[in-house]
Amino acid sequence: MSADHPFHAPAAPLVKPWAQRMADSVMQRDALLADRWRYEIGVTLLGIWRVAERTGDARYRQYVKDNMDAFVQPDGSIRTYNLEDYNLDLINQGRLLFPLYRQEGDERYRLAAMRLRQQLRQQPRTSEGGFWHKLIYPHQMWLDGIYMAGPFLAEYAGMYDEPAAFDEVINEILLMEKHSRDPLSGLLYHGWDESRQQRWASPITGCSPHFWGRAVGWFGMALVDVIELLPKEHPGRAEVWAVLKRLAPAVLKVQDDASGVWYQILDQPQRPGNYREASASCMFAYMLAKGARLGCLDAACRKAAEKAYAGILNEFIEVDSAGLVNLNRICSVGGLGGNPYRDGSYEYYLSEKIVTNDHKGMGAFLLASLEIEEGN
């Protein structure tokens with residue numbers, strides 16, 4: 001080959017980033033993600049919306065809109081949602097109403113957000129003003145609930161000029177940490193019962209007995225999302241920042257050194273039946289990477305997030321013969337009380353089904369991928 005005509009090897013096919021590959025896989029598998037308004041769908045749709053923001057590809061925005069429009073009616077009512085259930089889980093999907101309203105200017109999105117805000121105004125509360133997790137779970141605050149309601153309420157406060165709602169978000173976080181944080185490990189128990197009446201609740205502290213990975217993960221994701229949404233000059237922002245700085249070292253201490261990921265029960269990796277769990281691992285990677293990006297956490301946390309993400313790809317991600325991305329080893333569900341009764345024991349958390357492509361995991365994977373890709 002002459003110097004005038006140098007040989008060029010064929011260009012390698014470009015592989016999309018993992019966030020985009022997962023979003024494409026979700027969209028290819030299901031045109032509509034659910035037939036009910038559900039919190040976990042909100043996590044996946046939020047991840048896909050952020051892929052849209054990252055790529056500028058209108059397909060992702062349209063997919064989110066189609067999934068939200070399956071529920072949001074012209075008068076702002078939300079199909080399958082009942083305000084009087086006073087269920088914090090049902091707030092989370094409402095986070096997509098804000099970007100849709102900004103993009104479309106469609107009044108129904110604003111009215112739907114107002115409807116969810118009304119639930120929080122009327123939500124039953126503990127004696128200190130903390131939201132009950134659900135009407136059917138009286139006197140109880142759960143870590144999950146901080147994620148379900150906090151970022152929504154913080155964004156509502158900013159978008160609709162309701163500064164007192166920022167104070168409420170901060171109070172919820174501080175109350176949850178006050179009552180559920182273990183001073184020895186720095187980790188937080190899944191739930192707290194002010195009445196001490198639940199069988200799962202300690203008669204002394206009111207806390208459930210174990211550190212469940214995904215519950216702590218929800219709380220960690222809520223912290224970084226709320227910090228991002230609070231006005232920088234708000235005095236409570238430093239308090240939430242301090243909560244994150246207390247939580248991060250505790251989370252790092254229970255990160256599995258060999259794999260980089262986290263166990264279903266965080267502090268008992270050697271106990272029979274415990275396993276490395278995908279959704280919590282994605283949530284902690286997101287918390288650590290975003291906390292570092294926001295300047296709340298140090299470079300060591302970013303490095304730990306990268307190690308975690310490499311572990312997630314190695315332990316949990318699988319690409320099938322059709323090229324679709326799958327996320328394995330997700331705990332299907334976890335709760336306290338109810339019927340049949342969930343007693344918060346080690347045996348209970350290990351008894352729940354382990355599944356593939358649950359939205360609690362896929363949504364967290366999307367969010368973690370975007371944060372990791374942001375810094376690379």
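Predicted model: local features only at pLDDT ≥ 70, side-chain atom pairs only at ≥ 80, totals over all residues.
**View 1. Helix H2 and the glycine that follows it.** Gly 56 comes after helix H2 and has a positive phi, near 75°. H2 covers residues 39–55, and at 1.5 Å a residue its 17 residues should span 24 Å. Most of H2 is covered, with 13 of its 17 residues buried.

**View 2. Gly 130 in its loop.** Here we look at Gly 130, which sits in the loop between helix H5 (107–122) and strand E1 (140–142). Its relative accessibility is 0%, so Gly 130 counts as buried, the cut-off being under 20%. Leaving aside residues up to four places away in sequence, Gly 130 touches Pro 124, Arg 125, Met 141, Glu 172 and Leu 175.

**View 3. Helix H13 and its starting residues.** At the start of H13, look for Asp 358: one of its side-chain oxygens reaches to within 2.8 Å of the backbone nitrogen of Lys 360. The helix runs over residues 359–374. Its 16 residues should span 22 Å at 1.5 Å a residue, and the end C-alpha atoms are 22 Å apart, which agrees. H13 is largely enclosed by the rest of the structure, because 14 of its 16 residues are buried.

Definitions and conventions
Residues numbered from 1 in each chain as written. Heavy atoms only, no water. Helix = DSSP H or I, 4+ residues; strand = E, 2+ residues; numbered from the N terminus. Expected span 1.5 Å × (residues − 1). Buried < 20%, exposed > 50% of the residue type's maximum accessible area, 1.4 Å probe, protein only. Contact = heavy atoms within 4.5 Å. Polar contact = N/O pair within 3.5 Å; in protein donor to acceptor, adjacent residues only side chain to side chain.
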